[in-house]
Amino acid sequence: MEAETLESRVLAELLALRKMSSGATVHAIAGARVICDLLGGGDPFVAYTRLCHEIFDSDLDLAVKAAAASLGLLAEGDTHLKRLDAFGADIGMDQRQVRRYSDRGVRVLARLISSNWPTETVPSLKVIAVHDQCGWELNLMTARLQAVQMRPVRITVLQGDLRDDTPLQWTVEDEEVWRFAYTAKPTSIPESTAETTIVIVWRGELWPKFTVNWTGAHNDVVSESLGNKLLLRLRTVAATTSCMS
């Protein structure tokens, strides 16, 4: 059986909220774990406020407005159908027409909630790059919502003609809705006259945010990121005698 995607889980929660007599209230969203986590970091009030803000302040089409009405955000009523009737009366459409728009709009909402709208709750990866006379040491730390599936971080060191896919060992800690992890030991990269590039890839259900802290680095270092990939370009110098065996 194919695993559920983040978008499909959000859609299931939206459809469940739409069926409730209350619609999408703060209390109801507290029971929609994935939406609550993505939009509020586990806080239902923040998630509800964020959902309303994104819907009301965005220039969204009729389908999304109809979906918002069916959730009780743009129309009143103690059932899904009554809310569709109320919204249809306001815009001059019958319930069947509004239902078609709502069905389409709720899927748009699911896609936005599971991709564009999470900001503070996207997975984050921090690299602490420390340089000394012997080379570099990299320490990695990650944070992600437990509801968001991410694959293991992959790190590849390219140094001249050499390529090294470096294994990583992690210490993991769960705290409320979050999962934090940090590398159990640093990744060491010896000093070299060859230009060195570290490629860090973190694939998953959301694009990650990357942060790099340079310690003891000279001016010839560059970090670049695109999507789920981070590149660290290090122009190193010859190793000193004290670091050579």
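**Salt bridges, cysteines and a charged patch**

The side chains of Arg-50 and Glu-120 meet in a salt bridge, with nitrogen and oxygen 3.9 Å apart. This pair links distant parts of the chain: Arg-50 belongs to helix H4 (residues 44-57), whereas Glu-120 sits in the loop between H7 and strand S1 (124-132), 70 residues away. A salt bridge is defined here as a side-chain nitrogen of Lys or Arg within 4 Å of a carboxyl oxygen of Asp or Glu. Helices (H or I, at least four residues) and strands (E, at least two) are DSSP runs, numbered from the N terminus.

The model is a predicted one, in which local features need pLDDT of at least 70 and side-chain atom pairs count only at pLDDT 80 or more, while totals for chains, interfaces and linings use all residues. Residues are numbered from 1 along each chain as its sequence is written, and side-chain values use heavy atoms, with hydrogens and water left out.

The structure holds ten salt bridges. Another of them joins Asp-103 to Arg-18, whose closest N and O atoms are 3.0 Å apart. Asp-103 lies in helix H7 (residues 95-113) and Arg-18 in helix H1 (residues 6-19), so this pair ties together parts that are 85 residues apart in sequence. Arg-18 is buried, at 7% relative accessible area, and Asp-103 is partly exposed, at 25%.

Asp-103 also takes part in a salt bridge with Arg-99, at 3.2 Å from N to O. Arg-99 and Asp-103 are four residues apart in helix H7, so about one helical turn separates them. Arg-99 is partly exposed, with 32% relative accessibility. Through shared partners, the salt bridges join Arg-18, Arg-99 and Asp-103 into one network.

The cysteines come next. A disulfide is a covalent bond between the sulfur atoms of two cysteines. By the criterion applied here, the two sulfur atoms must lie within 2.5 Å. How many disulfides does a search of the whole structure find? The search finds zero. For Cys-36, the closest cysteine sulfur is that of Cys-52, 13 Å away, which is too far for a bond. Both residues are buried: Cys-36 has a relative accessibility of 4%, and Cys-52 has a relative accessible area of 10%.

Finally, Ala-86 is found in helix H6 (residues 80-91). Ala-86 is partly exposed, at 28% relative accessible area. Between Ala-86 and Gly-72 there is a separation of 14 residues in sequence and 10 Å in space, C-alpha to C-alpha.

Note on methods
Buried means under 20% relative accessible area, exposed over 50%, partly exposed in between (1.4 Å probe, protein chains only).
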